[in-house]
Amino acid sequence: MMERPISPFMFPTWYRFQITSALSILHRLAGIALAVGSILLAWWLVAVASGGQLFAATHAFIASPIGMLLLFGWSIAFFYHLCNGVRHLAWDAGYGFEIRDAYRSGYAVLAATAVLTVLAWLYVLLA
Amino acid sequence: MAKAPSLANSTALRDGAVFRRVEHLGSARSGLWEWRLQRLTALALVPLTLYFAASILWLAKSDQGTAAAWLGSPVPALLVILFVLAGLAHGLVGLRSVLLDYVHTRTWLIAAQLLIRAGAIILGGASVLAVLKLFLAR
């Protein structure tokens, strides 16, 4: 017997792949990643305020390969969620609902995410 | 019977009539407040996150003293506190909507909501205390 499809699990079994739904799911995943990242944010703020060994340990963790990989992932999640969030706010204000516009803004969000992430890391690596 | 005015070209952000319709005779309960909070914090977070990201990039290679001096000065202290609080409020609304989609048992839903709220309060409290410590030590 086939299971009845239940709402948040429609993709990809029941719905064909579309950039719009894929970006919508990515928005949520990026949001969850950023919520997890708020732990590091608070930890870093406390480390800056405490100084001494805690700051040294925090700095060592951030500069380690795992720390840099996490930061890289969070930077993508941050720029994506920011750009796509602006796209959502435009929809909330009633703009960009035509299918063609939704596709275009979706691709624009992906391009902006890539450009901003690359620029940020170029600055870190070169400055 | 009087015909209700068309809301075809209205959206909730642009036209209060949408809010008035869903709030009073409509189906909206407390969720509308959350919807508004999510959008308002989103708007606030656009400049706040850009400010914080630019500051972090600028601080990327500096030592603890520079970072502490920056975080303790009045404008960064205020903006970082606002950023953390708006971010946590925004994250709570978002995480709750994820929980509502995926957690189908009442017990687990309540437990998970308590957990994310407690987490946000602890992270927010620790962040605010950290910034205030540096600000007040100036």
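Residues are numbered from 1 along each chain as its sequence is written, while chains are lettered from A and ligands numbered from 1 in the order in which they are written. Since the model is predicted, local features need pLDDT of at least 70 and side-chain atom pairs count only at pLDDT 80 or more, whereas totals for chains, interfaces and linings use all residues.

Biologist: How many helices and strands does chain B have?

Modeller: Helices (H or I, at least four residues) and strands (E, at least two) are DSSP runs, numbered from the N terminus. Read from the N terminus on, the elements of chain B run α-α-α-α-α. The tally for chain B is 5 helices and 0 strands.

Biologist: What share of the residues of chain B count as buried?

Modeller: A residue is buried if 20 or more other C-beta atoms, placed from the backbone, lie within 10 Å of its own, exposed if 12 or fewer do, and partly exposed in between. Of the 138 residues of chain B, the share that counts as buried is 20%.

Biologist: How does Leu50(B) count: buried, exposed or partly exposed?

Modeller: Leu50(B) is found in helix 2 of chain B, and its C-alpha atom is separated by 9.9 Å from that of Phe83(B), 33 residues apart along the chain. Because 13 other C-beta atoms lie within 10 Å, Leu50(B) is partly exposed.

Biologist: And Leu134(B), is that residue buried or exposed?

Modeller: Leu134(B) lies in helix 5 of chain B, and the C-alpha atoms of Leu134(B) and Ala68(B), 66 residues apart along the chain, are separated by 6.6 Å. Because Leu134(B) has 24 C-beta neighbours inside 10 Å, it counts as buried.

Biologist: Which residues does Leu134(B) touch, not counting those up to four places away in sequence?

Modeller: Two residues are in contact if their C-beta atoms, placed from the backbone, lie within 7 Å. By that test, and with residues up to four places away in sequence left out, Leu134(B) touches Ala49(A), Ala68(B), Leu71(B), Gly72(B) and Ala77(B).

Biologist: How are helix 3 and helix 4 of chain B oriented to each other?

Modeller: Their axes (lines fitted to C-alpha atoms, for helices over the stretch in contact, with angles from 0 to 180 degrees between N-to-C directions) come within 5 Å and cross at roughly 80°. Trp70(B), Leu71(B) and Gly72(B) of helix 3 of chain B make the contact with Pro76(B), Ala77(B) and Val80(B) of helix 4 of chain B. Angles under 35 degrees count as roughly parallel, over 145 as roughly antiparallel, 65 to 115 as roughly perpendicular and the rest as oblique. Helix 3 of chain B and helix 4 of chain B are therefore roughly perpendicular.

Biologist: Then how do helix 1 and helix 2 of chain A lie to each other?

Modeller: Helix 1 (residues 19-50) and helix 2 (residues 52-63) of chain A have axes 7 Å apart and pack at an angle of about 140°. Trp43(A), Trp44(A), Ala47(A), Val48(A) and Ser50(A) in helix 1 of chain A meet Gly52(A), Leu54(A), Phe55(A) and Thr58(A) in helix 2 of chain A. Helix 1 of chain A and helix 2 of chain A are therefore oblique.

Biologist: Which element gives the largest share of the side of chain B that touches chain A?

Modeller: The contact takes 31 residues from chain B and 26 residues from chain A. On the side of chain B, the elements that give two or more residues are helix 2 (31-59), helix 3 (64-72), helix 4 (74-102) and helix 5 (106-136). The largest share, 8 residues, comes from helix 4 of chain B.
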